[in-house]
Amino acid sequence: MFISWLTEPLQYEFMQRGMIAAVLVGIVCAVVGTYVVLRGMAFFGDALAHTILPGIAVGYLISGGARDTLFWWALGTAVIAAWGIGAISKQAEIKEDTAIGIIFAGMFALGIALISTVQSYAVDLSHFLFGDVLGVSEQNLWFIVIFGAMILFTIGALYKEFLTLSFDPVLAMTLRLPVNLLNNILLGLIAVTVAISLQTVGVALMVAMLVTPAATAYLLTYRLPAMMGLAALFATLSSVIGLYLSYYLSIASGASIVLTATLFFVAAFLWKKRKSG
Amino acid sequence: MRYNGRAALDNVTFNLRVGERVAVVGPNGAGKSTLFKVVSGVLQPNTGEVTISGSQPLVHSCIAYVPQRSQVDWSFPVSVADVVMMGRSAKLGPFNFPKKRDWDFVNHALKTVDLENLSARQISQLSGGQQQRMFIARALAQEAELMLMDEPLTGLDTPAQEGLLDLLDTLREQKVTVMVATHDLDQAAKHFDRIMLLNKKIISFGAPGEVLNAENLLVAYGGRYKAVDDSCCEEGHDHVH
């Protein structure tokens with residue numbers, strides 16, 4: 001009974017692909033998200049995800065609604081936006097979060113405006129905003145595998161550099177680590193993560209995948225490798241459970257995954273409160 | 001060592017001797033932190049240059065900056081050993097993970113500061129004195145020849161302060177030069193070889209007896225120097241979580 005409950009959705013190929021995509025994206029987001037949480041970049045991540053909408057819109061208009069090339073548009077816009085926001089937030093004239101807020105809302109509005117010129121825009125817009133994990137193509141899955149592996153490899157290879165830079169930037173400078181380069185690499189990694197997550201959770205819910213599993217893990221451990229591992233575990237569980245809930249309760253997949261992740265966070269938060277209080 | 005900066009600091013030039021212990025004193029805003037940041041290469045002087053043993057600090061990692069405890073994110077998920085290992089991260093180079101030699105440095109540094117039994121603790125579980133010693137261990141793991149400590153005694157209770165001062169003696173034996181920023185003139189006079197009295201520029205630099213006279217202090221602090229008595233050091237909130 002329970003077994004058939006579990007296997008029934010997986011007889012559909014789109015469910016299998018969606019499941020694999022959601023888990024892979026969840027793991028990559030969780031590991032990258034560890035740094036997003038520790039460095040207090042949640043707002044940056046949210047803004048970055050929204051900022052890529054005009055890029056996707058242009059790709060969407062040029063390709064006449066085809067979705068296969070959208071990944072490259074998302075990737076290009078995300079990298080440019082990440083470094084752009086990174087550079088602008090260093091200007092002293094206006095506070096960092098205000099600058100990010102202005103750019104992010106403006107770009108998001110531009111994206112909506114562009115997409116609204118197409119007749120069927122409501123459906124497509126909602127896919128970009130909230131994701132469509134069951135619409136993941138095989139090609140899309142390959143992008144996720146290849147770029148996800150590159151992201152995880154980079155995080156592993158530069159582990160101690162990112163750790164030192166995040167914990168104590170002054171130490172990183174006295175040690176003559178290439179601080180600016182490392183910061184830009186990290187921004188680039190977040191950007192690529194946003195691009196590969198577009199299809200599964202969409203721009204509006206992206207920040208939850210970056211922040212929520214990592215924050216849950218943060219409550220439960222005090223070693224960085226354990227935090228990354230636990231975050232990946234919570235992301236995996238959220239993706240799998242979320243997709244089953246989505247299938248059986250007929251709720252939107254992205255929202256279902258994010259809600260599951262949120263429940264894990266609330267549970268961890270209450271458990272921690274009870275333990276320490 | 002020479003430094004010629006502007007604005008926050010003006011025309012500061014001085015020499016240090018290997019293994020000596022210098023207290024940097026002066027009123028708030030005198031540029032003590034700025035001086036340390038310029039010497040360690042974190043800030044670039046607008047004009048002038050810093051040379052250490054004849055080379056620029058840009059190619060040196062033999063200088064360690066020991067941060068003020070209030071400027072550290074103590075909830076960060078790292079252990080004491082993790083933090084000390086960070087001192088090795090430049091020597092390791094990208095893509096490399098710590099080798100036995102690096103662990104030897106870390107373990108030896110932890111032993112020197114008497115924290116080897118606490119190496120697996122999360123950093124917020126240390127007392128204030130232990131936290132300060134952890135950063136000194138990190139500087140040792142970095143193989144620093146010059147350590148710059150920003151208000152290391154602030155907020156420590158008396159036993160923790162004494163433990164730290166003992167540790168400074170150990171550092172002297174290891175030929176490590178130490179510069180300590182402090183606002184406690186009594187402590188500076190008692191425990192340091194030389195005192196640098198700073199307020200935008202060096203007002204006086206020499207043995208405590210020569211530096212701490214009424215005339216110099218009046219120049220440095222204006223009429224306010226009596227107010228800097230060690231009042232805020234005595235409260236000592238050295239707490240364990």
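Reader: Which residues have the most contacts inside the largest nonpolar core?

Author: This is a predicted model. In it, the residues with the most contacts inside that core are Leu48(A), Ala78(A), Ala191(A), Ala231(A), Val84(B) and Leu148(B). The core has 164 residues.

Reader: Which helix gives the most to this core?

Author: Helix α11 of chain A, residues 179-220, with 24 residues.

Reader: And Ala78(A), what is it in contact with, leaving aside its neighbours within four places in sequence?

Author: Ala78(A) is in contact with Leu48(A), Ile52(A), Ala191(A), Val192(A), Val194(A) and Ala195(A).

Reader: Switching to chain B. How many helices and strands are there?

Author: Chain B has nine helices and six strands. Of its 241 residues, 44% are buried.

Reader: In what order do the strands sit in the sheet?

Author: The order is β2-β3-β4-β1-β5-β6 in chain B, in an open sheet with mixed pairing. β2 and β6 of chain B are at the edges with a single partner strand each, so one side of each has no neighbour in the sheet.

Reader: How do β1 and β4 of chain B pair, in the parallel or the antiparallel sense?

Author: Parallel, over four bridges. Val22(B) stands opposite Met179(B) in β4(B).

Reader: What does helix α1 of chain B touch in the sheet?

Author: Helix α1, residues 32-39 of chain B, packs on the sheet and touches β1, β2, β3, β4 and β5 of that chain. Its direction makes about 150° with that of β3(B).

Reader: How many residues of chain B are in contact with chain A?

Author: There are 21, in contact with 22 residues of chain A. On the chain B side, β2 and α3 each supply at least two residues. That side divides into 14 nonpolar, six polar and one charged.

Methods
Residues numbered from 1 in each chain as written. Chains lettered and ligands numbered in written order. Predicted model: local features only at pLDDT ≥ 70, side-chain atom pairs only at ≥ 80, totals over all residues. Contact = placed C-beta atoms within 7 Å. Nonpolar A, V, L, I, M, F, W, Y, C, P; charged D, E, K, R; others polar. Buried ≥ 20, exposed ≤ 12 C-beta atoms within 10 Å, placed from the backbone. Core = buried A, V, L, I, M, F, W, Y, C linked by C-beta atoms within 7 Å. Pairing = 2+ DSSP bridges. Axes fitted to C-alpha atoms, helices over the stretch in contact; angles between N-to-C directions.
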